[in-house]
Amino acid sequence: MDVIYIISIAAGGAFAALLLSALVYFLIVNAKNNERRRQLEKMYNDEHLAKMEYDVAEYDDETSRKLSGGSESQITIDDVLTDAVDKSDGIEEITGTYKPE
């Protein structure tokens, strides 16, 4: 057998092996992604989560006053920092008792 035929057979075999390994890798990754998608759908399509309310925020008096008053209803970081600097007069000591519920 000539050398060119041996090289051609070896290159064809290597190409077939790489193609087969890529196909097996694609199938394994696809199966894992399908399993993850199935688990996520099962978790988030639970009937107990149907009545859950999202985006619920409770405001304190100062925040609700700022949101309701004036033409500009969005609080900027400058407003928050200015209020914090104006109200702070040094280091505060926080005291209390932790009662986990």
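Patches are made of residues with over 30% relative accessible area and no salt bridge, where like charges are joined within 9 Å and nonpolar side chains (Val, Leu, Ile, Met, Phe, Trp, Tyr) within 5 Å.

**View 1. A nonpolar surface patch.** In this predicted model, Leu20, Leu23, Val24, Phe26, Leu27 and Ile28 form a nonpolar patch on the surface. Together these residues have about 580 Å² of accessible area, as given by the Shrake-Rupley method with a 1.4 Å probe, for which only the protein chains shown count as cover of residues. Val24, one of the patch residues, is found in helix α1 (residues 3–44). Val24 counts as partly exposed because its relative accessibility is 40%, the class between buried (under 20% relative accessible area) and exposed (over 50%), with a 1.4 Å probe and protein chains only.

View 2. The side chains of Glu35 and Arg38 meet in a salt bridge, with 2.5 Å from N to O. The term denotes a side-chain nitrogen of Lys or Arg within 4 Å of a carboxyl oxygen of Asp or Glu, and by this rule the count comes to one. Both residues lie in helix α1, three residues apart, which is about one turn of the helix. Glu35 is partly exposed, at 33% relative accessible area; Arg38 is likewise partly exposed, at 43%.

View 3. The chain has three helices and zero strands, in the order α-α-α along the sequence. Helices (H or I, at least four residues) and strands (E, at least two) are DSSP runs, numbered from the N terminus. The mean pLDDT, the predictor's confidence in each residue from 0 to 100, is 78 for the chain, and 62% of the residues reach 70 or more. Confidence is highest in α1, at a mean of 94, and lowest in helix α3 (residues 77–87), at 66.

**View 4. Exposure of the chain.** Buried residues account for 0% of the 101 residues. The chain exposes about 10100 Å², of which carbon and sulfur atoms supply 58%.

**Conventions.** Residues are numbered from 1 along each chain as its sequence is written, and side-chain values use heavy atoms, with hydrogens and water left out. Local features need pLDDT of at least 70 and side-chain atom pairs count only at pLDDT 80 or more, whereas totals for chains, interfaces and linings use all residues.
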